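Student: Could you show me how to read a few features of a protein model, one at a time?
Tutor: Gladly; let's look at it together.

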Amino acid sequence: MSSSSSQVGYLVPLNQNLEDEKEEKASIPKLPISKGTNILGRNNLTVSDKRLSRKHLTITASTDGSANLLVEGTNPIVVNSKNKRRKLNSKETITISDGDVIELIPGHHLFKYQVLRRSSSVADNGAHERRRNAVTQKHDKIAVTEKHGYLQSSEEAIRDFHVADDQIPRTFRLLRVQGLPPWANTSCVSISDVIQGDILVAILSNYMVDTDWLVPACPALSKVPSVLVLHGESDERVACIKWPEFPVNLPSLGNFSICPSFFKKFDYSDATVRLIASVPGYHSGNGLKKWGHMKLRSVLQECTFDKEFKKSPLVYQFSSLGSLDEKWMVELASSMSAGLSEDKVPLGMGEPQIIWPTVEDVRCSLEGYAAGNAIPSPMKNVEKAFLRKYWAKWKANHTGRTRAMPHIKTFARYNNQNLAWFLLTSANLSKAAWGALQKNNSQLMIRSYELGVLFLSSLSKRGCEFSCTSNVKLSKDKCSAQETSEMKKTKLVTLTGLTRDTTHSSSEVIIQLPVPYELPPLPYSSEDVPWCWDRRYSKKDVYGQLGPRIT
């Protein structure tokens, strides 16, 4: 028990009736909160629910009654402050004040934080301290913002993300995730949503294809007359991929042979994105800039970006880490930093940040350690000393995906919530995927097939749109009108970069991209450990399992 001079408040147990949650439970005593750190769990909360951790959370209180709350346990909590609820997962923090209600879940155990009322002299001292802390925090916040550009993201921002039909070619959508609340899957898609309309030919490509799963998951696929599946597996009877040609009859177009040259018949000049692909081999001469990171470099070199992106940071997010070295990291960053500012000066090198889940992220994820199977990087690659300065946290409250471990691969250059460009790709962070320069930078060696879609903030003209999943055809008159329309500047923003108060020029087209993680990302703390899927962990996950469970 703390002395009265150090005590700043109480945790007051509340009634389980959420309609009248301010009614106090007299049967359970108040729990005193003293100045400094208070460790709270099922032992001192007089709650016998074993689903609560013995060290469930800590509250660090100041003499003025303000307090910082840190979730220590594996299960989340909810803080209700001024009728606004916020859910916090393990290792997340929040500032609480007098009257805030803390809900421990599972179990819905409710406690109200109640600050002690002080005498006038103490109150005056407390007010002085609050003013001093406010000034200090303001300066600290400014300093942090100036140094790192950190901004708090809007909670549940994906709620308001709705893609208009005419914007579908300019953005993308996230996959639905099981176990998330409905708001987190707003405008998201599943595999069954990919095949729409009267599809005559479907070409599917993935490294591994489970047809027994695919057909039931996407029933519309069984109605497509011609389906070609390209994959990277074999039973040793096939040494490499031979793309097989097969004939199809397309209404009003006649017979065609589906092969690589077939796709050259289409007009892609109105596309609002660029493809960044990788093809295995040794590429030199005219082929040096056709693939991998050199293709990305050549595209970016042709682009002009706002001055705000000068020396702005880069972010790398992926699901598998190759065997890297610092020389190659500089090589990749050089390509991703390409481009000119509006004054025709190179943007300059950006500082890379690697978003990668920690061990605690995986342990406390929706699937526990089993989620680590989708993040297959070994210790020998992850635990290289030079990588420490790059690590940044996977945090995704605005899309509800903080506990959903990522298999998506994305790369971007950003400034706060504005994006110079954004790449959604199959490429992980590896030399095999992106390529490595050889022979005095005259040759690029690539080992993997990859494909990415590059979204750019640039001048764009809306032309006649082509869709392989729609029967809608634009008239020639409408096409002509669109082709002669005014050139507009395309500005890419994250989900939290566009609010009701945001104003922009009529000459700008604002495109929201559902970047799943929060920008700018926070760097690892000294206690954070990057996930490796071949290390044994003694601490049980949220399902009581030891990990990893490698399958």
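Student: Is Lys311 buried, partly exposed or exposed, and why?
Tutor: Buried means under 20% relative accessible area, exposed means over 50%, and partly exposed lies in between, with a 1.4 Å probe and protein chains only as cover. Lys311 counts as exposed because its relative accessibility is 65%. This is a predicted model, where local features need pLDDT of at least 70, side-chain atom pairs count only at pLDDT 80 or more, and totals for chains, interfaces and linings use all residues. Residues are numbered from 1 along each chain as its sequence is written, and side-chain values use heavy atoms, leaving out hydrogens and water.

Student: Where does Lys311 lie?
Tutor: Lys311 is in the loop between strand S17 (304–305) and strand S18 (314–317). Helices (H or I, at least four residues) and strands (E, at least two) are DSSP runs, numbered from the N terminus.

Student: What should I look for in the backbone angles?
Tutor: Most residues other than glycine have a negative phi, and most peptide bonds are trans. Lys311 has a positive phi, near 55°. Lys91 also has a positive value, near 75°. Lys91 sits in the loop between strand S7 (84–88) and strand S8 (93–96), and it counts as partly exposed because its relative accessibility is 43%.

Student: Which residues does a cis peptide bond join?
Tutor: Leu519 and Pro520 are joined by one, with omega about -10°. Pro520 belongs to the segment after strand S29 (508–512).

Student: How is a buried residue described here? Take Leu110.
Tutor: Leu110 has a relative accessible area of 4%, so it is buried. Leu110 is part of strand S10 (residues 109–115). Between Leu110 and Val78 there are 32 residues of separation in sequence, and their C-alpha atoms are 9.5 Å apart in space.

Student: What is the strand order in the open sheet of three strands?
Tutor: Two strands pair if DSSP finds at least two bridges between them. The order is S16-S25-S24, with antiparallel pairing. Strand S16 (281–284) and strand S24 (436–438) stand at the edges with a single partner strand each, so one side of each has no neighbour in the sheet. From one strand to the next, the twist averages 30°, where axes are lines fitted to C-alpha atoms, for helices over the stretch in contact, and angles run from 0 to 180 degrees between N-to-C directions.

Student: How many bridges join S24 to strand S25?
Tutor: Three bridges join S24 to the antiparallel strand S25 (residues 443–446). Leu437 stands opposite Leu444 in S25.
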